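Subject: Structure for your review

Dear colleague,

Please find below the structure that I am handing over to you, with its sequence. My findings follow directly after it.

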Amino acid sequence: MPDSNFVQQDFQHRLRNIPLLGMGLSVDVYSPNLFELVSRLKKRGLQPGYLEVFKATTTALSTVRQAVPDISLAYHGEGLWITQPDVQASPFFQQDLDEMVTQLNTIQSLWLNHECAMKQMAGYSFGTYVPPLYTRLSAEVVAANIATVQQVMDRQGRRADGTAPLFLLEMPPLTYFSAGTIPIPHFFRLIAGLVPCGLVLDIGHLWTVYRYTDACRRIALERFVGAFLDEFPLERVIEIHVAGLAYHESVSKPKGGEGLPEWIDAHAAPIPSILFCMLEQVLAHPNLVSLRAVALEVDTKSIEMIVEEYAETVRRFSPIVQQTMAGGTAVEQPMELAPYPTSVQAPVCQSDRQQLRADYTRYAKIISGQAPVTGLEWQETTAEATGVARYHTCYVPYEILHWGGDLAEMFPQTCRALAERGVCLTEFVAFWFRSPRPLTHSYDFFLLKIERFLEFVTERALDVRICAQQECDILRQAYAQANEVVEPVPVMEMERTR
Ligand SMILES: [Fe+2]
């Protein structure tokens, strides 16, 4: 096991390379149009302290770098499922890692932010982030995978000032449920003790932790946040995110106004005022000593709403953020300037990885509704299992049928032919989760949907296969063309949501 003092020193050394960025925006290149957004902000006299850009094509990212030479850029990665015990054995891991480093270098990113979450596990695929199993073994695997990624960034990261981007791990949102055997803040404290990564604390995600663990039935929000922050490794938080929350399309809003709303993370939605109260509480905490940046996460939001929210947030919070950042640098301990090697992470043994793989197989089956909610990880949940039931009866079917590409719009003729033959589209959800499946390419939900739908049609209505194949070809061509577009313009309604 690495010495935790050594890990902390390594972190401190890396932290020195990250300037105080202040308030900025976490954006998508395409949605809304980034250049129009920056120009509208400029007209209001606002220039973001930095932009954190979500993974896109390398060409699009290069265009962004050239178009805003005066703004610091950071990178929000995607597709490195560092929660998974077998991710490094995936045939696409090295390729994904190489692409990521190329993109980090292209935009001269200060960090790689990646959710501590996955969209694929044990051969099962999802469209949006699934939180990790909050267990001790799971934390050890995450730390080991982060150490590998950081080593690659240290070797191949090429910033003009000679420093390497730092891995930042973001605490993911909960979508109606949580599963694990240790409290969430302890999970992140374990990781921080093993690897010198920074952290991203997303205020909306924290609200969902309150909402979808038993905390909201036990204590008031303010007390929950206070206790959470005392336990969480807040001294590692480099960036704070604030984004919207909303009811999901698949869930009907209750008529009465009783209880906490069943909101989930929703970047297109307005930021509710309760999150700004929580932000105040976080910024006032004495352990927040490494803060460098606060971003509104605004991908998929309307430009008008972004400009209004950003202007108001800067007005209200910029002085506090500056004060917090300055206070943090004042307490930094003096340190020698010798270069530090990446901490050497003790490898997780094969049997532990196999154990966690089995845990994730069970997890995937439970949350997709193929297995009953049983096991140690669900003990806290079983008292109120409605969250996981809502997830697999409403949220998951919506994701497979409509999200990131609506099947009826993608395959109009095939869907009509299936309906004529009495095949209901909802059967595709059960088909999707029927059995685990080896990976055939780097994670891409849109392409996966096309591939699996063709398999479904072949099995259920063989005579419709030719029609489906034709529609598949058109979709794949259009997708490839959209991804080759050099100018970041809105592309088809595809996988653009985090
Ligand atoms: Fe976030």
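In this predicted model, eight strands form a closed barrel in the order β1-β2-β3-β4-β7-β8-β9-β12, and their pairing is parallel. On average, neighbouring strands of this sheet are turned by 30 degrees against each other, direction ignored. Strands of a sheet pair through backbone hydrogen bonds, either parallel or antiparallel.

Several of the pairings can be followed from strand to strand. Strand β3 (residues 72-76) is joined to strand β4 (residues 111-115) by two bridges, and the two run parallel. Here His76 has Asn113 of β4 as its bridge partner. From β4, five bridges lead on to β7, again in parallel, and Asn113 stands opposite Leu168 of β7. Three bridges then pair β7 with β8 in the parallel sense, where Val200 of β8 stands opposite Glu170.

Strand β7 deserves a separate remark. Five of its five residues are buried. In a regular strand the side chains alternate between the two faces of the sheet. In β7, Leu166, Leu168 and Glu170 are buried on one side, while Phe167 and Leu169 are buried on the other, so that both faces of the strand are covered. Helix α5 (residues 136-156) lies across β4 and β7 (166-170), and its direction makes about 150 degrees with β7. Helix α7 also packs on the sheet, where it touches β4, β7, β8 and β9 and runs at about 70 degrees to β8.

The metal site

Which residues coordinate the iron ion? The donors are Glu170 (OE), Asp202 (OD), His241 (ND1) and Glu297 (OE), at 2.0 to 2.4 Å. Their spacing in sequence is E-x31-D-x38-H-x55-E. His241 belongs to strand β9 (residues 237-242) and Glu297 to strand β12 (residues 293-297), so this pair ties together parts that lie 56 residues apart in sequence. Both residues are buried: the relative accessible area is 0% for His241 and 1% for Glu297. Glu170 is among the buried residues of β7.

Why is the arrangement around the iron ion irregular? The angles subtended by the four donor atoms range from 82 to 178 degrees. For four donors to count as tetrahedral, all angles would have to lie between 85 and 135 degrees. Ideal angles at a metal are 109.5 degrees for four tetrahedral donors.

Helix α9

Helix α9 (residues 221-231) has Leu221, Phe224, Val225, Phe228 and Leu229 as buried residues. Viewed down the axis of α9, these buried residues fall within an arc of 125 degrees, so they line one face of the helix. An α-helix has 3.6 residues a turn, so residues three or four places apart point the same way. The buried residues of α9 pack against α6 (184-194), β8 (198-202), α7 (203-212), α8 (215-218) and α10 (273-283). On the face turned away from the buried side, α9 carries the exposed residues Glu222 and Arg223.

Glu231 also lies in α9 and is partly exposed, with a relative accessible area of 37%. Leaving aside residues up to four places away in sequence, Glu231 touches Pro185, His186 and Arg189. Glu231 and Ala60 are 171 residues apart in sequence, and their C-alpha atoms are 40 Å apart in space.

Backbone points

Most residues other than glycine have a negative phi, and most peptide bonds are trans.

- The peptide bond from Ser31 to Pro32 is cis, with omega near 0 degrees; Pro32 is in the loop between β1 (22-27) and α2 (34-43).
- Gln108, although not a glycine, has a positive phi of about 55 degrees. Gln108 is in the loop between α4 (93-107) and β4 and counts as partly exposed at 24% relative accessibility.
- Thr300, likewise not a glycine, has a positive phi of about 70 degrees. Thr300 is in the loop between β12 and α11 (303-330) and counts as partly exposed at 28% relative accessibility.

Yours sincerely

Methods. Residues numbered from 1 in each chain as written. Predicted model: local features only at pLDDT ≥ 70, side-chain atom pairs only at ≥ 80, totals over all residues. Heavy atoms only, no water. Donors = N, O, S within 2.8 Å, 3.2 Å for Na, K, Ca; no water. Tetrahedral: all angles 85-135°; square planar, octahedral: opposite > 155°, others 65-115°. Helix = DSSP H or I, 4+ residues; strand = E, 2+ residues; numbered from the N terminus. Buried < 20%, exposed > 50% of the residue type's maximum accessible area, 1.4 Å probe, protein only. Arc of directions from axis to C-beta. Contact = heavy atoms within 4.5 Å. Pairing = 2+ DSSP bridges. Axes fitted to C-alpha atoms, helices over the stretch in contact; angles between N-to-C directions.
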